[in-house]
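The exercises below are to be worked with the sequence and the model open. Each task is followed by a solution in steps.

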Amino acid sequence: MATVLELRGITKRFPGVLANDAIDLTLEQGEIHALLGENGAGKTTLMNILYGLYQQDSGEIFVKGQPVTVHSSRDAIAAGVGMVHQHFMLVTVFTVTENVMLGDEDVHPGGVLNRKEAAAKIRHISEQFNLDVDPDAYVKDLPVGVQQRVEIIKLLYREADILILDEPSAVLTPQEIEGLFKIMRSLVERGKSIIFITHKLKEVLEIADRITVIRRGKVIGSTTPAEADQSQLAEMMVGRAVQLEVEKDACRPGKCVLQVENLVVLDDRQHVMVDDVSFEVVEGEVLGIAGVQGNGQTELVEALTGLRPPFEGKIRIDDQDVTRSSPRQITEQGVAHVPEDRQMDGLVLPFPVADNLMLNTYYLAPFTKGVVLQNNKILENANRLIQEFDIRTPGPMTNAGSLSGGNQQKVIVAREFSRPIKLLIASQPTRGLDVGSIEYIHGRIIEKRDQGTAILLVSTELDEIMALSDRIAVMFRGKIIDILPAEAATKEKVGLLMAGVIDVAA
Amino acid sequence: MSVENDTPEIPSAQGSPPDKPVNGSKKDAGQILIEEFTPDRSAQPRRKRIFQTILVPFLAILTGLIIGGVFIVLTSEEFYTALQVSLWEGIKTAFSIVATTYGAWFNGAFGDWANLAAFFETGDKAYLVKFFYPFTEGLVTSIPYIFGGLSVALAFRAGMFNIGAEGQIFLGAIFAAYIGYAITGIPAILHIPLAFLAGALGGFLWGFIPGFLKARTGAHEVITTIMLNYIAFRLSDWLLNGPMQRPGSANPVSPSIMASAELPRFFDDPIRFHGGFILALAAAYLVYWFLWKTKWGFDFRAVGSNPHAARYAGMKVATVMTLSMALAGALAGMGGANEVMGINHNLASAFSSGYGFDSIAIALLGSNHPLGVVLAALLFGFMRSGATTMMVTTGIPIDIVSILQALILAFVAAPGIIRAIYRLKQPVSAEGITLAGSWGGK
């Protein structure tokens, strides 16, 4: 095996922080090298340097033994380095071919695009690497997993040998992740080399040939899946021992808090998304709602929190009918809501952290006196919660938008958990977060449960559901097809239920 | 948007040391004002933040002046005549033309020092008046700009794009004029507030309509406000040729308002500086207080920044939309009332020379912040008021001012150009709101 890429002593400084501190990294031909680290550890910065989006302050880059200077992504591509970003760079109303040609157009004399030839080349690449992409399809019609493959084709089309995949699994379903891994394997079999950026331990152990862990801008160490296990990797990432399993005592159920009867909810296009659903959540228990994304969980939560009026059915909280209550009335009933999309619903990103920490109670004492906001109290509250919930922010007046994802989520958790609540509705509470943050948020949820709060947990991560729930409800096509006690729920059984298979021999 | 999403976090919460005042209680008002004026409030030292905030507008004005100078030179006969002599002669003339023009403009806006010198020499008070007159005219011209700019800025903070300030100014003027001349025999202390608030009410109603339509039906406020502008213009035409026409006059003009409804002037003629300026500053402070110090303002800003999160947090998004437009209308309406009660003392057709439209520009130039709006309005006011003198003394057409305004705005609206010209770095944090945001029709 030959070394195709070598980074030597890469250092990058941003105002106030050392993002990369003398990082060394080598990539051999035909290997999948995982770059593992928490959010904000400096992985993406490093790759952006390699890809020409930033310039390193010091250090050198060698591609196939030759020193290269990368000033733009064009230079990177020319050197054979290609990157698939976490957020795709595709024009959705263009076809696959047009997207792939974009920026590297092959034209007939006179400037007419030579689509045919490009499409043929794409088809060839697609077959060669088992990508299964139709060059004539419109990107907007493709599922996310296939869109990702279009991004990969873009790189292969430009003859990149070194592929950087930045958190490729973050946007994919479990099945799509499997598909992605197959493609990654077929890519390396055919001589490509891959840098795989992630913070998910399981994936690393499954797919990587070599693992390099980065923490706070420094390389902590390198290992291989054979030599390391999850807890070792987690410890390297976070810098301390991490509790991967959630420790919890037996459930002590109390009286019923949330009661849902024959609930029917429609989406914006008037399709039935929640179909005749009934369940209860009692004090001191976690009811987990498992299911593949898009089976009505979003609409269910919106109905429960007052964001979407139900079509039929009843919702009762503490024996009070809240079926058509407004979000504010429901909040005032003692319901906390950790929304599915933290940036869209949970936070006002251009607002300071302090304001976000009182976003739904700002109009109450002590934050408002008369009509005037009490800045002292708002800041006091913020400083206290920042400490208590360990929110990493330069200060309470920093905009929420400039925090990392994990800390943004902590802002929401701090806000929702810090007021007296009877019911917590948490939707995808750890999506996209790193190990340390997940551990923290899980701990807090269980703490709330032990204090007697009723908890409704909605997650598409089966592991998360299994780890936290006392009872597990499985949602499929808008219906709750079964509710199992945690003891009776095996991963296989719940997995089958999630796929809609009801008749399982236990 | 910045590409960076993986910057290391600053380790551990520094919070604020308890001995340091964490907030407003110990800071003076000016400091807090500036805190909120600047986008991200903690990433950089304060001085640097203020610098960054004013840098682009400042450079935009400078660049506008430079390019405007080129226009002045190119449209001047003198330059071409000199160019025929020699290139050097041409360049010299070019500079002297620009210097004379801007000099005359500046004197027109801020007063000619020669007059002040003449006053000291002769002791004739007429010279002193002559010296101060341009400056006070600048202030007077900026009043409707302040009201209009506040109107657009307030709506924009709530995520609404108020193109209807001009129509709202007309409605305000109509209401104020009517109350001004129709009610007689009450003292000024009652009549002035009554007429002024009537103006605010007129604008309020005219702003309420598009706000309500947006909240109820989703009709985009840009379209409806533009249409309402036309209705307002024609309405005033009709009124001035009918019910509100001055008895015995053939011109489209209303009766003069009662002296008791006139905003007080502080000096003798010809200086027209009047109480409206103080009202405008008070309005600016009130808007600032409302947006940043009250729970309602919190509603407004949250809805404007992220309506989804606002709804999640229990705010009534539709109500805020309606109310923000209505209040924006009220501010513009006050601008209209001000023109009637402070300057014209009657309502004539086309009394507003596009103040409402320039207000959009002023709000933009002032970063949609009351302080910025006041500064931008003063700039526009002085630019406008100085232009007349410039035309008279140098023969440069007054339209050059419009070109300059347009250039400055283009540069402010597209800060990328300014950053490219002066090789400035993109600011680290993403800016609070972008103008395009409102166009998504959220």
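**Exercise 1.** In the hairpin of β9(A) and β10(A), find the residue that takes a positive phi, and describe how the strands pair.

Solution. The model is a predicted one. Step 1: the hairpin leaves 2 residues between its strands, and A:Arg216 has a positive phi near 45 degrees. Step 2: the strands on either side are β9 (residues 210-215) and β10 (residues 218-223) of chain A, paired in the antiparallel sense over 5 bridges.

**Exercise 2.** State how chain A is divided into domains, and describe the side of domain 1 that touches domain 2.

Solution. Step 1: chain A has domain 1 (3-238), domain 2 (243-334 + 420-506) and domain 3 (343-418). Step 2: the centres of domain 1 and domain 2 of chain A, taken over C-alpha atoms, are 36 Å apart. Step 3: the contact involves 11 residues of domain 1 and 7 residues of domain 2 in chain A. Step 4: on the domain 1 side, helix α8 (residues 230-238) of chain A gives the largest share, 5 residues. Step 5: by type, that side consists of 5 nonpolar, 5 polar and 1 charged residues.

How values were computed:
Residues numbered from 1 in each chain as written. Chains lettered and ligands numbered in written order. Predicted model: local features only at pLDDT ≥ 70, side-chain atom pairs only at ≥ 80, totals over all residues. Domains from an automatic or database assignment. Contact = placed C-beta atoms within 7 Å. Helix = DSSP H or I, 4+ residues; strand = E, 2+ residues; numbered from the N terminus. Nonpolar A, V, L, I, M, F, W, Y, C, P; charged D, E, K, R; others polar. Pairing = 2+ DSSP bridges.
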